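Here are a few notes to read alongside the model. Please keep the structure open as you go through the points.

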Amino acid sequence: MSVTQTFTGTICNHCNFKFAEVLKGCPSCGSESTEKVDLKENGTIHSFTVVYVGFGHMATRAPYVLAIVQTEENVKLTTVIEGVTDFSTVKIGDKVRFKGTDEKIGPVFQY
């Protein structure tokens, strides 16, 4: 995993929709007028599950927390949360921080 200080997403120049993926088209309005934007590193767990049986390249990570994180700009993305030692303590609303990007799974957050 590459650890960086920036978290790159995309903003649509037509409707101002921000999203975590770097895409050439907007998933909200379909416009192709988009550009890369730096997203804030802090987020909140919006929803989550604990994965006990991973598959493929995620098999060796199990068990792990898979969550939908909402950034400060209200961008939601599905991500892995690292640094969890007791899965029973994870709650919706918990604060997390962007850790880096894993080339196989994308952005990774941590407690």
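**Notes on the fold and its aromatic pairs**

1. Let's start at the surface: Tyr52 is exposed, with a relative accessibility of 58%. Exposed means over 50% relative accessible area, buried means under 20%, and partly exposed lies in between (1.4 Å probe, protein chains only). Keep in mind that this is a predicted model, in which local features need pLDDT of at least 70, side-chain atom pairs count only at pLDDT 80 or more, and totals for chains, interfaces and linings use all residues. Residues are numbered from 1 along each chain as its sequence is written, and side-chain values use heavy atoms, with hydrogens and water left out.

2. Which elements make up the chain? It has eight strands and zero helices, where strands (E, at least two residues) and helices (H or I, at least four) are DSSP runs numbered from the N terminus.

3. Now the overall dimensions. The C-alpha trace spans about 45 × 30 × 25 Å along its principal axes.

4. Of the 111 residues, 37% are buried. Taking contacts with a separation of 6 or more, 48% are between residues 24 or more positions apart; a contact means heavy atoms within 4.5 Å.

5. Next, the rings: the whole structure holds five aromatic pairs. Rings of Phe, Tyr and Trp (its six-membered ring) pair if their centres lie within 6.5 Å; planes under 30 degrees apart count as stacked, over 60 as edge-to-face and the rest as tilted. One of the pairs is Phe7 with Phe98, which is stacked because the ring centres are 4.7 Å apart and the planes are at 20 degrees. The two residues are 91 residues apart, with Phe7 in strand S1 (residues 7–12) and Phe98 in strand S7 (residues 95–102). Phe7 is buried at 2% relative accessible area, and Phe98 is buried at 4%. Together with Phe109, Phe7 and Phe98 form one aromatic cluster.

6. Back to Tyr52: how does its ring sit against that of Phe87? The pair is edge-to-face, since the centres are 6.3 Å apart and the planes are at 80 degrees. Tyr52 lies in the loop between strand S4 (42–51) and strand S5 (64–71), while Phe87 lies in the loop between strand S6 (76–82) and S7, 35 residues apart. Phe87 is partly exposed, at 22% relative accessible area.
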